Structure formats: structure tokens, C-alpha cells
Amino acid sequence: MVQEQREDDMPDSLKREIADVKMRAQAIKGEHRELDARLYTPAGKPAEGMIIYFPGGGFVRDELDMSDIFVRVLAARTGYIVLASSYTLASEKPFPSAAEDAHAVLAWAGRFSKRKGWKQARLIVAGLEAGGNLAAVATLMARDRGGPALAAQILMMPMLDPGLSSCSMRTVAAANGGMGAAYACAQSYRGYLPHAVDRAHPYASPLQSSRTKGLPPALILSADDDPLRDEAEQYGAKLLASGVATTVRRLPPIALDVPDARCCCARQGNVLDEITLFIAGLNAPQNT
């Protein structure tokens, strides 16, 4: 299995770090069916909140297994419970099924937080690539539908523009696998958004949303040489212009010609450092 091979490649220090993170399967009712999800609980003191994580896969592949190590490290380093969830793939049902699934998962997490007795917003939604799209979309839906309340959103190399109109998408370098990544992105959108009219819907294209006020703080990570870079950074600028506290970071180039490049990038120390620092900042006492 891919997961087993990756665990074998892990340094012993990382294996020790995640050894005490407990995982259990969790079925969550989505729009049309039960979704496979996993609940990761860190060892030690009671968790401080929950991160709801949507993996990549371009809306066409289930990459829940592939996210396992990243999610375990995320739980260990942040002290948060992490809920990693699948979503309806485009081959089963196109837009808006995955978006509705994402909001259903947030709603489940909201009920979980109430059972835990958390007195304030302790939910952070996060996602990678297509999962980053769903994290951004679920944040919009939570605001529009009156909940659940979110503490923050973390978007890692997110797919936010089905129009593929950004400069980094149009002028992608032939080297480093960039052209292949851009083509895969276009193919993914053709499956997820078969009807052209849906490509302007804010729940499909957060970058096109005309309403970005009232959203929780955001951490947005892009990567140099990635065709998705500019749309991520443009969305960050849009949130900042709307008064949303937003941190935008550009990571070093990633080897997009390597399979699962973005998923591997998410496991790198600089990505995890950015996330843990961002979450620590949310929890820091504010000067008055």
C-alpha cells in the first residue's frame, strides 16, 4: 500500500511523534450518502478544538488514505482533534454534491463541539488543492447558512478559479511538471463542473465570490512555480480587502512532475510550521 511505503520512509523522530495519535473511522451523512471520515485524537491533555480537513484529488480521486500521515502530524503538533473526510467525487455526482458534503461535515463537527462543551468557536476548516476549494466554499456556506461558527480557514495550494484565468495558470513553465499539473486541473474541472454556468457560482469558484466579508481568519499557502499560485494569492488579497485577517505565504517550488506532489509538500516542515504558528496566533491572548 502507498501508505505503508510512506511510513517506512519516515524518520524515527516522526514515527515517535505520531505514535500516540489515535484514529477511528467515523461515518458522516453527506448530501446523498454516508461519507468515509476519520477522527484523529492527539495524546495528552484534552484537545483545544477541531480541524476539519478535506484532502486533494482534483474532485476526481479519493485521497483520504494519502492524507493519513499529514493528518496525524497535524493532530500531534497542534493538539487539535482532526477530522479528515472524503466527499462525493465528480464521477459519482458533479457540483454541488461535494460542496454540500463539505458543509454537512462542518455541521457534524459543530454538533461534536457542542457535545464537547466548547464555549467559543473552536473549529478550523482546512484543505489541500480541491480540498482547499471545499474548505473555502464550506466557510462561505457556514456564513451564509448561519453556522457552524468557525475560528479560521486554512487553504493549502487551493483550486479556486475554474476559469483557469490566472497568470501562473496561463504562463505555466514547461519544466518541473507545471504543464501537466495545469492540464490535470483543467481535466478535474471538466468533471466537477460539466455545466459552464456553474463555473461562476461562488460555491464552485470562491475567487469569483462578490461577498467575502464576515469570514474567519485565513492562512493561505501557495507554492512558487505552481499553476495554482496566483489564484491562491489573489483570494488572499480579496479577503484582506474585505477586512478578513489573512496570512498569505508562498512556499518554495515543488516538484509537480512527482506523483502526489502537493500532498507530499503538505507534509514538509515549513508547511506544518506555518500552520502551527497560525493556530498558535489564534489562541494567543489579544491586547486590549
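# Legends to the close-up views

**Figure 1. Asp 225 lies in the loop between strand S7 (218-223) and helix H8 (229-241).** Helices (H or I, at least four residues) and strands (E, at least two) are DSSP runs, numbered from the N terminus. The model is predicted: local features need pLDDT of at least 70 and side-chain atom pairs count only at pLDDT 80 or more, while totals for chains, interfaces and linings use all residues. Residue numbers start from 1 along each chain as its sequence is written, and side-chain values use heavy atoms, with hydrogens and water left out. Asp 225 is not a glycine, yet its phi is positive, at about 70 degrees. With a relative accessible area of 40%, Asp 225 is partly exposed. Buried means under 20% relative accessible area, exposed means over 50%, and partly exposed covers what is in between (1.4 Å probe, protein chains only).

**Figure 2. Met 157 is a residue other than glycine with a positive phi, near 45 degrees.** The loop that holds Met 157 runs between S6 and helix H6 (167-170). Met 157 counts as buried because its relative accessibility is 1%.

**Figure 3. Helix H4 (residues 97-116) crosses helix H5 (residues 130-144) at roughly 65 degrees, and their axes come within 9 Å.** The two helices are therefore roughly perpendicular. Angles of 65 to 115 degrees count as roughly perpendicular, under 35 as roughly parallel, over 145 as roughly antiparallel and the rest as oblique. The axes are lines fitted to C-alpha atoms, for helices over the stretch in contact, and angles run from 0 to 180 degrees between N-to-C directions. The crossing of H4 and H5 is right-handed. A crossing is right-handed if the near helix is turned clockwise from the far one by less than a right angle, and left-handed if anticlockwise. H4 contributes Ala 98, Ala 99, Glu 100, Ala 102, His 103 and Leu 106 to the contact, and H5 contributes Leu 134, Val 137, Ala 138, Met 141 and Ala 142. Of these contact residues, nine are nonpolar, one is polar and one is charged. Contact means heavy atoms within 4.5 Å. Ala, Val, Leu, Ile, Met, Phe, Trp, Tyr, Cys and Pro count as nonpolar, Asp, Glu, Lys and Arg as charged, and the others, Gly among them, as polar.

**Figure 4. Helix H3 (residues 68-78) and helix H10 (residues 269-283) cross at roughly 40 degrees, with axes that come within 10 Å.** The crossing of H3 and H10 is right-handed. From H3, the residues Phe 70, Val 73, Leu 74, Arg 77 and Thr 78 meet Leu 272, Asp 273, Ile 275, Thr 276 and Ile 279 from H10. The contact of H3 with H10 is made up of six nonpolar, two polar and two charged residues.

**Figure 5. Ala 76 lies in helix H3.** At 29% relative accessibility, Ala 76 counts as partly exposed. Leaving aside residues up to four places away in sequence, Ala 76 touches Glu 17 and Val 21. Between the C-alpha atoms of Ala 76 and Tyr 40, which are 36 residues apart along the chain, the separation is 9.2 Å.

**Figure 6. Gly 30 sits in the loop between strand S1 (22-29) and strand S2 (34-41).** Gly 30 has a relative accessible area of 7% and is therefore buried. When residues up to four places away in sequence are not counted, Gly 30 touches Leu 35, Asp 101 and Ala 104. Gly 30 and Ala 104 are 74 residues apart in sequence, with 5.7 Å between their C-alpha atoms.

**Figure 7. The loop between H5 and strand S6 (152-156) includes Ala 151.** Pro 148 is found in the loop between H5 and S6, and the peptide bond from Gly 147 to Pro 148 is cis, with omega near 0 degrees. Ala 151 counts as partly exposed, at 22% relative accessibility. Not counting residues up to four places away in sequence, Ala 151 touches Ala 121, Leu 123, Ile 124, Pro 216, Pro 217 and Leu 282. Arg 122 is 29 residues from Ala 151 along the chain, and their C-alpha atoms are separated by 5.7 Å.

**Figure 8. The peptide bond from Phe 95 to Pro 96 is cis, with omega near 10 degrees.** Pro 96 is placed in the loop between strand S4 (81-85) and H4.
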